[in-house]
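Try each task before you read its solution.

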Amino acid sequence: MHLPRGIAMALGATSLMAFASPFLAEIPAARAAAAEAGAGAAHPAMWPARTATVARDPAVEQRVDALIAAMSLEQKVGQIIQADIASVTPDDVYRYHLGSVLNGGNSDPGGHYNAPAKDWLAAADAFYAASMKPDGKLPRIPVIWGSDAVHGHNNVIGATLFPHNIGLGAARNPDLVRRIGAATAIEMRVTGLDWTFAPTLAVVRDDRWGRTYEGFGETPEIAASYAAPLIEGLQGRIGDKDWLRGPHIIATAKHFLGDGGTAGGKDQGDARMPEAQLRDLFSPPYLPALDAGVQSVMVSFSSWNGAKMHGNGSLLTGVMKERWNFDGFLVGDWNGHGQVAGCTTTDCPQSAIAGLDMYMAPDSWKELYRTTLAHARDGTLPVARLDDAVRRILRVKIRAGLFEAGKPSLRPYGGQFDLLGSKDHRALAREAVRESLVLLKNAGGLLPLKPGANVLVAGDGADNLTKQTGGWTLSWQGTGTKRSDFPNAQSIWEGIDANVRAAGGAATLAVDGRYARRPDVAIVVFGEEPYAEFQGDRPDVGYDDAKNLALLRSLKAAGVPTVAVFLSGRAMWVNPFLNASDAFVAAWLPGSEGGGVADVLFGKADFRGKLPYSWPRSSDQTDVNVGDADYDPLFPYGFGLTFADKGDLAPVPEERANAAAADPGLLFASGKPGKGRSLLLGAPGALSTNPGPDLIEARAADRAAQEDSVRLRWTGAGPAVAAIVQDAPVDLSRQANGDLALELELKVDAPPSADVSLLMGCGARCAGGFPIRPVLAEAAKTGKWTRIAVPLRCFEKAGVDMTRVETPLSLATSGTLDLILSAARIVSPSGPQLACK
């Protein structure tokens with residue numbers, strides 16, 4: 001939220017106005033219920049047996065025994081809880097004996113998404129020092145710091161950004177991913193971090209899933225071939241002196257299990273399938289990961305046949321630990337324990353009992369610590385299970401040499417900031433880009449291009465590193481970044497320009513495709529905007545982009561040969577774009593080295609990439625996978641042209657199978673409510689689309705374009721409400737759990753004369769919200785556009801049942817108020833938010 005200077009506000013849910021009584025919440029009774037008997041219960045004997053590959057070291061085990069014997073119960077509980085750096089301090093690590101910290105996708109030292117590398121290292125030193133500070137006779141246990149380094153050390157300015165996994169899957173090169181793992185580990189060591197939440201070993205079966213690009217492909221084949229070399233690149237080889245230390249770090253295989261197989265491609269959803277299918281389709285990559293010695297495994301948010309994985313003892317303990325002899329530790333995923341039946345984010349012994357060894361409790365850690373300690377004291381959490389979890393964590397820390405390593409800045413590579421985005425690492429990333437590109441069309445052999453030509457470069461992705469690098473880049477969603485945030489990077493345009501100039505040609509950048517001198521060829525770069533996790537979930541796989549499609553068609557009409565370079569995190573229906581271009585390249589999300597794209601377009605290397613996902617023939621062909629009985633993609637799994645192949649493609653049908661469904665995050669924009677929503681006005685309990693103006697009125701207003709906003713004016717004649725209402729209730733529980741916020745853009749023309757409530761509703765007598773009169777009054781003083789963001793979890797705390805939200809936004813007052821609403825969205829906020837008590 002961007003508030004006028006001087007505004008600070010904590011939201012309290014207890015001061016809702018009397019006039020809003022029809023919306024007042026009845027706090028829902030506990031909604032947790034036991035899973036259906038037998039549902040989601042695995043039979044470990046049906047799974048392949050595995051012999052442990054990491055031999056137990058008696059000296060390590062004796063050391064663990066001695067530590068556990070000397071630890072207090074408080075220390076033991078602290079070891080199994082991980083807190084996010086946005087909500088924990090070094091002093092907290094000391095006081096609560098926390099064993100681990102993490103930085104979530106939007107958490108950075110000092111709260112700055114573009115914090116310099118030195119700040120990361122200083123923070124790592126501070127957390128380490130806190131964990132090692134003397135505390136009576138209690139043993140000192142070093143903290144570990146986990147981070148989602150999923151395509152390089154992607155949270156840190158200047159780091160090398162490799163192609164996302166979907167691109168690496170197209171490369172089909174295990175040695176390449178081994179080298180990428182090794183480079184990533186070194187860059188993490190530079191900033192003092194010692195643990196990555198990678199690799200993702202998901203087998204993705206429905207491309208609507210917002211995490212599709214985190215998977216290597218639609219079959220276990222590629223992930224199974226990559227698991228061991230990538231983990232060995234990160235961790236080193238078992239038995240080597242530098243295993244887990246020196247240039248290496250701790251790796252994580254994730255997300256166990258079935259995360260890529262949820263019904264409808266819903267993130268955190270339910271994988272509904274027989275046990276044999278879960279085993280045969282989704283578990284194969286984990287076996288080579290364990291054989292390579294991976295030391296942590298992250299548990300999936302998702303469910304299997306209705307049973308949340310965070311509480312599934314048959315899989316966590318029965319299969320992973322007992323059948324597969326895994327002796328590292330199982331870590332949770334971002335408050336995922338709170339979704340287990342009977343649990344909340346602050347109270348869940350069930351997860352630990354099922355086999356979870358470390359709770360990822362980013363903002364819930366303090367209360368979770370208290371309840372878990374109480375459960376350990378009264379026996380609800382058996383001491384043997386607690387000790388086993390602690391043993392596993394300590395075993396990994398000792399194996400990694402953390403007790404002797406000293407503070408992070410003094411460890412190997414610590415503070416060698418010149419290694420971030422080093423020449424060698426960038427060359428490796430450029431090689432990976434070259435190998436990841438898949439050529440789908442090459443009519444008339446247009447490619448390779450002649451670098452000495454007159455080249456027009458167009459499209460909104462051409463000189464756009466935010467779009468080129470995708471999600472999980474400096475911020476969770478990969479949004480909100482600027483060119484200066486990528487000092488060691490090259491956009492696709494910059495790579496093309498360098499190639500052409502070196503050959504004596506001429507390249508011109510014109511995003512809109514306009515030109516003064518007719519080009520010999522045009523390269524149009526376009527594609528998906530960045531996203532991560534459930535924000536990337538889609539209703540279908542149809543790509544809609546009227547602006548860039550018109551650009552391609554206009555060039556075609558002018559007779560300019562055109563190459564389309566498509567940036568995406570999944571295979572998508574792009575038939576109109578295929579028809580409008582002479583050559584079409586699936587470039588995925590290539591990362592920081594746009595020069596790799598230029599290298600192949602201009603023939604310095606041939607196309608080598610092969611589709612890791614089947615390419616859809618229609619926009620509703622969302623779960624097309626090789627081996628299906630009715631398998632009929634436009635381009636099959638493994639397809640990919642080279643320069644030598646005949647690349648002509650007959651025109652393909654352009655009719656969309658269905659219109660895009662409602663955007664779940666868009667409440668109001670461009671002067672109207674989002675699809676599936678209505679703007680209703682009137683007295684509480686008597687709302688309509690066209691009420692009399694005696695209480696409240698709405699008129700079209702202008703901001704950046706004609707009638708792109710709405711002016712709402714309360715007369716003060718009585719209590720009145722303006723509300724965005726759903727056509728049908730929506731489940732926003734994932735969004736609340738994922739730290740999304742309700743974000744408004746508005747301008748206050750006349751300040752409120754009485755209290756104003758910002759509310760969410762969830763049916764009859766189910767609502768919750770907060771007074772925002774001070775914010776609106778201050779905004780009125782400035783007369784400027786104001787951005788207000790309120791975390792969804794605040795509404796949940798205020799009594800809203802987030803599983804059935806009917807009114808995602810309402811503003812209510814009995815006084816006068818005059819404001820213009822420009823936009824209302826549910827988003828990952830790019831700025832500060834109002835705090836809730």
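**Exercise 1.** Which residue in E18 does Val565 stand opposite?

*Solution.* Val565 faces Val585 in E18. A quick word on the ground rules: this is a predicted model, where local features need pLDDT of at least 70, side-chain atom pairs count only at pLDDT 80 or more, and totals for chains, interfaces and linings use all residues. Residues are numbered from 1 along each chain as its sequence is written, and side-chain values use heavy atoms, with hydrogens and water left out.

Now step out to the strands. E17 (residues 562-567) and E18 (residues 583-588) run parallel, joined by five bridges. Strands are DSSP runs of E with at least two residues, helices are runs of H or I with at least four, and both are numbered from the N terminus. Two strands pair if DSSP finds at least two bridges between them.

**Exercise 2.** Work out the strand order of the open six-stranded sheet, then find what packs on it.

*Solution.* Start with the order: E13-E18-E17-E16-E14-E15, with mixed pairing. The edges are E13 (438-442) and E15 (506-509), each pairing on one side only. From one strand to the next, the twist averages 20°.

Next, look for helices. H17 (residues 492-502) touches E14 (454-458), E15, E16 (521-527) and E17, and its direction makes about 160° with that of E15. H18 (residues 546-557) lies across E14, E16 and E17, at about 165° to E16. Contact here means heavy atoms within 4.5 Å. Axes are lines fitted to C-alpha atoms (for helices, over the stretch in contact), and angles run from 0 to 180 degrees between N-to-C directions.

**Exercise 3.** Find the salt bridge partner of Arg391 and say how far apart the two residues are in sequence.

*Solution.* First, the rule: a side-chain nitrogen of Lys or Arg within 4 Å of a carboxyl oxygen of Asp or Glu. That gives 56 salt bridges. Arg391 pairs with Glu61, their closest N and O atoms being 3.7 Å apart. Arg391 sits in H13 (residues 383-399) and Glu61 in H1 (residues 58-70), so the pair ties together parts 330 residues apart in sequence.

Then check burial: under 20% relative accessible area is buried, over 50% exposed, and in between partly exposed (1.4 Å probe, protein chains only). Arg391, at 22%, is partly exposed, while Glu61, at 13%, is buried.

**Exercise 4.** Where do Asp175 and Arg179 lie, and how many residues apart are they?

*Solution.* Both are in H6 (residues 174-190), four residues apart, about one turn of the helix.
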